[in-house]
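Please open the model in the viewer and keep the selection tool at hand.

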Amino acid sequence: MRFSRVLIPTVKETPSETQVISHTLMIRSGLIRQLSAGIYTWLPIGLRVLRKVENIVREEMDAAGAQEVLMPAVQPSELWRESGRWDFYGKELLRITDRHNRAFCFGPTHEEVIADLVRREVRSYKELPANFYQIQTKFRDEIRPRFGVMRGREFLMKDAYSFNLDQESLDESYQSMFDAYVKIFERCGLRFRPVEADTGTIGGAASHEFHVLAESGEDTIVSCSDCSYAANLEKAVSGAAQGGESLDASTIPEMARTETPGQKSIDDVVAYLKIPVEKTIKTLVAVDGEGEWTLLLLRGDHELNEAKARVLLGDGFRIPTPEEVAEKVGPVGSLGPVGSELTVLADEMLEKSNGFVCGANEEGWHLTNVCWDRDLPRPRFVDVRNVTVGEPCAHCGSGTLAMDRGIEVGHVFKLGDKYSRAMNVTVLGPDGRETVPEMGCYGIGVSRVVAAAIEQNHDDNGIVWPLAIAPFSVEILLLNPKDANASGIAETLYSDLNSRGIETILDDRDERMGVKFKDADLLGAPLRVLVGGRSLKEGVLELQTRKGGKAERVPPQEIVAELEQRLAALR
RNA sequence: CGGGGUGUAGCGCAGCCUGGUAGCGCAUCGGCUUUGGGAGCCGAGGGUCGGAGGUUCGAAUCCUCUCGCCCCGACCA
């Protein structure tokens, strides 16, 4: 590719609208341009990278035995009504009406469409297991798109759906997708980690997410220092509540009312009463899926995990506003479980301790030395909090938990028969009876992978692409295209590399050298060859690796072999 | 959807408070010089001041409405 013949609109300044480095660099290096909030055009160089990722995904999906299809982006509302998601999916589903006033949506995912296909076309268990995938543009009307293509509304996704006769077969498909994902992200040259995940609103049994490790990641992932345990914070458990002795109420003085004027937050109360924060109970109010009001108790220094709360209280679960709480329950800032008529759920970390401080349900008053059984009925103890750094691992017992930030680039689910049953998918089993297949679904955010790769592979001057997804393996910098000798050498090298299948961009623009260097740094091709200037006067070219290598002098007749050797080393 | 910010030349911004007919840097075009890390000088072109309405002799500036974009909270590849 010739630089002069391609639209590569690099920009010098940092754009004001970008928050993360990948977004900044994708704009600056001319990979993408925004059309509307969360909607981007991929320019020629950006598209090359996107295609690289896409092809790696395709190769590994094919190798894992999945079959590629391409489903419609626009889907009729009828299918979504069948699965029950037309009403359930909410505003994120972009709804469209056609000229006949029929309702459609722009597909955010394709469970319904694939289920419809399979129920029509697959009759026998002999055709299972089957795994269909596509690489396609999705649209989710995100509440707040941000970070460029990292969280766009329109994005490129690989989604796959497996159909299996039984649980065991689903387990196999799931594992084979899991393994394929590991290969895909390894091939992309990314540092990543698979973690146990919350199944969220999609539902289903087991689920893992694949996270690219990066400071700017929107998710927090928890992992054990000793064993292989790793999970999304939404799902992560710790061993902190296990073991230890229960604290007996008989050693604790009587419960007492204490005046705490104006002390509303846990911090306030801890400072005012001069007590350890571990002795406080935070009382939260939640409304469960049925509309029932519930008290959630947490140790003062712990945070509510809303994903866990959702599992416990049902999908319609919500946290009411302070105004609602004040009206229906009591004084916000002085709430407590003692004497409450609401159902009480307490975090398991409170189970073995005793003698707490909690709100007295009276403005400006707290209770001290509150004990289970003695002062209030022992509630149901559950895990509803976020684990914290340094807690013991629940799985191996020896390690401690650490936290990292991650960008979710892949997600695998065991869906079970939720959709296949709702959509009436059946095949005839070996026993001649109709059977509802088990489904799995497996997604990769292809466009997000590009952004995640940049988050992990850049320096102050621009992108430093891993070879596998670089738009070009080699960039030839022709310093002065008007110099016939230099130009001839560069052109020869360019065609030699092309004929060997080495993807090359030739910067043949009539630009100053500084401009070419800066643009080459931004674009981030792994190898760079300089043709012209001082070195060519001495009859040599300069070879440089993007990743901080010093320039080496190589004679023109040796450059191709040298480049091939370097590329082999980068693979 | 709540809360906040912003919209002026292709890009980044000043001007707005205190109304008087639009400016700076970069980019673009032409010329000369320069040529190992985003050149220098000279000259030129380019703006419905997001849109609509209003106040006023006069509006980028004040008022009302509206739209886009960005940021902070719930969703997700």
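Select Gly 30, which comes after helix H1 and has a positive phi, near 75°. The model being viewed is a predicted one.

Step back to helix H1 itself, residues 21-28. How many of the eight residues of H1 are buried? Seven of the eight are, and the helix is accordingly described as mostly covered. To see them, select Ser 22, His 23, Thr 24, Leu 25, Met 26, Ile 27 and Arg 28, the buried residues of H1. Now display what they pack against: the partners include strand S1 (32-36) and strand S2 (39-42). Helix H11 (446-456) and helix H13 (513-523) are also among the elements packed against the buried residues of H1, as are strand S24 (458-459) and strand S25 (462-463).

The next stop is a pair of helices. Select helix H2 (residues 44-63) and helix H6 (residues 167-187), whose axes come within 9 Å of each other and cross at roughly 150°. That angle makes H2 roughly antiparallel to H6. The crossing of these two helices, H2 and H6, is right-handed. Which residues meet here? On the H2 side, select Ile 56, Val 57, Glu 59, Glu 60 and Met 61; on the H6 side, select Met 177, Ala 180, Tyr 181, Lys 183, Ile 184 and Arg 187. Sorted by class, the residues of this contact between H2 and H6 are seven nonpolar and four charged, with no polar ones.

The axes of H2 and H11 come within 9 Å and cross at roughly 115°. The two helices, H2 and H11, are therefore roughly perpendicular to each other. The crossing of H2 with H11 is right-handed. In H2, the contact is made by Val 49, Leu 50, Val 53 and Glu 54; in H11, it is made by Val 446, Ser 447, Val 449 and Val 450. The contact of H2 with H11 contains six nonpolar residues, one polar and one charged.

The tour now turns to the backbone. Most residues other than glycine have a negative phi, and most peptide bonds are trans. Select Leu 128 and Pro 129, which are joined by a cis peptide bond with omega of about 0°. Pro 129 lies in the loop between helix H5 (111-121) and strand S7 (130-139).

Then select Asn 101, a residue other than glycine with a positive phi, near 65°. Asn 101 is placed in the loop between strand S5 (94-97) and strand S6 (103-106). Is Asn 101 buried or exposed? Asn 101 counts as exposed because its relative accessibility is 64%. Asn 424 sits in the loop between helix H10 (418-422) and strand S21 (427-428), and Asn 424 is exposed, with a relative accessible area of 59%.

The last stop concerns the cysteines. A disulfide is a covalent bond between the sulfur atoms of two cysteines. How many disulfides are counted in the model? The count is zero. Cys 441 is buried, with a relative accessible area of 7%. Finally, select Cys 188, which counts as buried because its relative accessibility is 1%.

Key
Residues numbered from 1 in each chain as written. Chains lettered and ligands numbered in written order. Predicted model: local features only at pLDDT ≥ 70, side-chain atom pairs only at ≥ 80, totals over all residues. Heavy atoms only, no water. Disulfide = S-S within 2.5 Å. Buried < 20%, exposed > 50% of the residue type's maximum accessible area, 1.4 Å probe, protein only. Helix = DSSP H or I, 4+ residues; strand = E, 2+ residues; numbered from the N terminus. Contact = heavy atoms within 4.5 Å. Axes fitted to C-alpha atoms, helices over the stretch in contact; angles between N-to-C directions. Parallel < 35°, antiparallel > 145°, perpendicular 65-115°, else oblique. Left-handed = near helix turned anticlockwise from the far one by under 90°. Nonpolar A, V, L, I, M, F, W, Y, C, P; charged D, E, K, R; others polar.
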